[in-house]
Amino acid sequence: MVDVITNPDSQTTHTDHSAAIAALQAQFGKQLSVNQTIREQHGHTMTWLANQPPDAVLTAYDKQDVATAVAICSEYQMPVIAFGIGSSLEGQLNAPFGGLCIDMHTMDTILRVDSEDLTVTVQPGVTREQLNHYLRDTGLFFPIDPGANASIGGMVATRASGTNAVRYGTMKDVVLALEVVTATGAIIRTGTRAKKSAAGYDLTRLMIGSEGTLGIVTEVTLKLFGLSECIGSGICHFQTVEDACQAVMLTIQMCLPIARIELLDALQVKACNLYDQLDLLETPTLFVEFHGSEASVHEQAQTFTEIIEEFGGSDFVWDTDEAERKRLWQARHNAYYASSALRPEASALSTDACVPISRLAECVSATAKDIAASGMIGPIVGHVGDGNFHVLLLVNTDDPLEIETADGIISRLAIRAIEMEGTCTGEHGIGQGKKKYMAQEHGEAIAMMQAIKAALDPKNILNPGKIWPQPLEVVA
């Protein structure tokens, strides 16, 4: 069996944490559960990595609960894993060494909206859909849209991105400040509501994308953006994936302020047609969206029309009708489920990579050819405006040959992206699933990253077994 589905830390020893659990039970009572089903639910992620449940699950109601729990775990050297809603894709929530899972879904209060400053402060259990529903009457919105209705805390932890990233950036661009519980149980703040600062180390961005290995986020201050006067959405078709990617590359190089530009290959379009009862032409397709005034949206659409014509783009149809726009993007957001339905008896393995925009066509084309040669089903969809794309492989996990074939495709994609001066993951994160690519991508810089981890978490209790190719040495 290959390591994409087996326990990545199968050789580690599971420590007896009974003393720590007793201390936690004394402190939290019914907030703490050791029920097997609940534990397995909190080890489960949207992946085919083996489920590794924690020893106990704590439902946290406020930051003090988190801080107290971490302090107890620090005393007993018990691992701690933070949990939002469980939508991570690379095993970030598994507990390979056992330990405590702190479930923060009930910490879902929107604490403060400052419309004049275009900022909002929320607890980590707030989801992106919940936040935008709350903001609907303010004329503002939160733009980061990874597809899943992820929690804000989880989006911070994995440095989430999504369909709007080409215009509005990723979580690293919209988080202004954090409140974080450290490995000792202390509560610190990083950053301010000011839009910039030159005061000291940028601890906020150090925490963003750290996957819960450096601290547990208990409060987030975010940038907001004004809703556009006009939004236009549309689709266009191409003969090949290469042509579609070349059109994307020229769109970005011409600095067209496009808000969304998503690629679906022919198989993904077919899946969306079947799942959402659409009648789209089953060829490589771009979904696009323009934001701005009515005049600027029309100007952007006209420029985009001229760009795609150079690469054989056809049937470009766009509209400002809100209902049609929502129908279009709902189909895009359903891509995971639509693809899974192509082979419902199989397991779905989602992976991603990101490359410089100039290498996008080459990387996507090579990946598509690799999948086709393997004989596997693997639709491609991506936020191609920033060079990021995803592959969803449908695999019979009872067939060792299929598992080996899928692992080969994933490995070649990761290495291909790194060799193109890109990254093995644009937004899914490392977790357990992609640890083996860290050395090739980062080289000697890994030593500096591990030094930071050791300094901030010397007992290695914060989400151990994630990101790093080998376990860190625990300081007694």
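This is a predicted model: local features need pLDDT of at least 70, side-chain atom pairs count only at pLDDT 80 or more; totals for chains, interfaces and linings use all residues.
Let me begin with helix α9, residues 241-253, and helix α11, residues 294-309, whose axes come within 9 Å and cross at roughly 135 degrees. That angle makes α9 oblique to α11, and the crossing in which α9 passes α11 is right-handed. On the α9 side the contact is made by A247, L250 and T251, while α11 brings F304, I307 and I308. Sorted by class, the residues of this contact of α9 with α11 are five nonpolar and one polar, with no charged residue among them.

The axes of α9 and α14, the latter covering residues 360-374, come within 8 Å and cross at roughly 160 degrees. Angles over 145 degrees count as roughly antiparallel, and so α9 is roughly antiparallel to α14. Here, too, α9 passes its partner α14 in a right-handed crossing. The residues that make this contact are V241, E242, C245, Q246 and V248 of α9, together with L360, A361, V364, S365 and K369 of α14. They divide into six nonpolar, two polar and two charged residues.

The next pair lies earlier in the sequence. Helix α1, residues 18-28, and helix α3, residues 63-76, have axes that come within 9 Å and cross at roughly 155 degrees, and the two helices are therefore roughly antiparallel to each other. The crossing of α1 and α3 is right-handed. From α1 the contact draws on A19, A20, A23, L24, Q27 and F28, and from α3 it draws on D65, T68, A69, I72, C73 and Y76. By class, the contact of α1 with α3 has nine nonpolar residues, two polar ones and one charged one.

Let me finish with the second largest pocket, which has a volume of about 720 Å³. Which of the 33 residues that line this pocket are the closest to its centre? They are R159, I208, G209, S210 and H442. Several helices take part in the lining: α7 (171-174), α8 (203-207), α16 (438-442) and α17 (445-456) each supply at least two residues of it.

Conventions:
Residues are numbered from 1 along each chain as its sequence is written. Side-chain values use heavy atoms; hydrogens and water are left out. On a 1 Å grid over the protein atoms alone, a cavity is a set of points where a 1.4 Å probe fits but cannot get out, and a pocket is an open set with protein on both sides within 12 Å along at least five of seven lines; lining residues have an atom within 4 Å of a point. Grid points are joined across faces, edges and corners, and a volume is the space filled by probe spheres set on the points. Helices (H or I, at least four residues) and strands (E, at least two) are DSSP runs, numbered from the N terminus. Axes are lines fitted to C-alpha atoms, for helices over the stretch in contact, and angles run from 0 to 180 degrees between N-to-C directions. Angles under 35 degrees count as roughly parallel, over 145 as roughly antiparallel, 65 to 115 as roughly perpendicular and the rest as oblique. A crossing is left-handed if the near helix is turned anticlockwise from the far one by less than a right angle, and right-handed if clockwise. Contact means heavy atoms within 4.5 Å. Ala, Val, Leu, Ile, Met, Phe, Trp, Tyr, Cys and Pro count as nonpolar, Asp, Glu, Lys and Arg as charged, and the others, Gly among them, as polar.
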